[in-house]
Amino acid sequence: MARSGLKAGARKKRRLYLLLTSLAVLGLAVVLVLNALEDNIRLFYDPTEVMERHIAPGKTFRLGGLVEDGSYAQEEKDGLLINLFTVTDGNESIKVRYEGLLPDLFREGQGVVAEGKLNAEGIFISTEVLAKHDEKYMPKEVTDSLKKRGTWQDYKDQEDAS
């Protein structure tokens, strides 16, 4: 009787060690996967979040908001087309520099998502610019950000007002 009690206690200990080892291996796997994905995860921020989080220059992320009215300028330097504009969420604004052709639907006052990094002067150097694809569409991240900042005007509200 006592011998079977010892065997049962030993089995419980083995199960406990197996469970703890499995949890440790699983935790290590999660840490390794997150570490490997760190450079590939592109986070979306609006200008206010960029200012609040003090994002370091050189870190790649997506910047979203509205293209500020009257902020767009274009210049050509050494045969390259350089686009300069400001992205705003109504509270903060960030200057953006993008080399190349902008999407056809890029307009002032419209939603935009740009991917790139801040430089040492605080200018967002964009490698890709995405603009909305019709007058009713706004990227979900931009819509959520504008709603959170209180500057969102629903498309249906604009139609009802006119």
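Visitor: What percentage of the residues of the protein count as buried?

Guide: Buried means under 20% relative accessible area, exposed over 50%, and partly exposed in between, with a 1.4 Å probe and protein chains only. Of the 162 residues here, 29% count as buried. This is a predicted model: local features need pLDDT of at least 70, side-chain atom pairs count only at pLDDT 80 or more, and totals for chains, interfaces and linings use all residues. Residues are numbered from 1 along each chain as its sequence is written, and side-chain values use heavy atoms, with hydrogens and water left out.

Visitor: How many helices and strands are there in the protein?

Guide: Helices (H or I, at least four residues) and strands (E, at least two) are DSSP runs, numbered from the N terminus. The protein has four helices and seven strands; from the N terminus on, the order is α-β-α-β-β-β-β-β-β-α-α.

Visitor: How many salt bridges does the count come to?

Guide: A salt bridge is a side-chain nitrogen of Lys or Arg within 4 Å of a carboxyl oxygen of Asp or Glu. The count comes to two. In one of them, Arg-62 pairs with Glu-115, with the closest N and O atoms 3.1 Å apart. This pair links distant parts of the chain, 53 residues apart: Arg-62 lies in strand E2 (residues 61–67) and Glu-115 in strand E6 (residues 111–118). A salt bridge also joins Arg-97 to Glu-99, where the closest N and O atoms are 3.1 Å apart.

Visitor: Is Glu-115 buried or exposed?

Guide: Glu-115 counts as buried because its relative accessibility is 13%.

Visitor: Which residues are in contact with Leu-130, leaving aside its neighbours within four places in sequence?

Guide: Contact means heavy atoms within 4.5 Å. With those neighbours left aside, Leu-130 is in contact with Val-112 and Val-113. Leu-130 lies in strand E7 (residues 124–131) and counts as partly exposed, because its relative accessibility is 37%. The C-alpha atoms of Leu-130 and Ala-114 are 6.1 Å apart, although the two residues are 16 apart in sequence.

Visitor: Where is Lys-12 placed, and is this residue buried or exposed?

Guide: Lys-12 is placed in helix H1 (residues 2–37). With a relative accessibility of 59%, Lys-12 counts as exposed.
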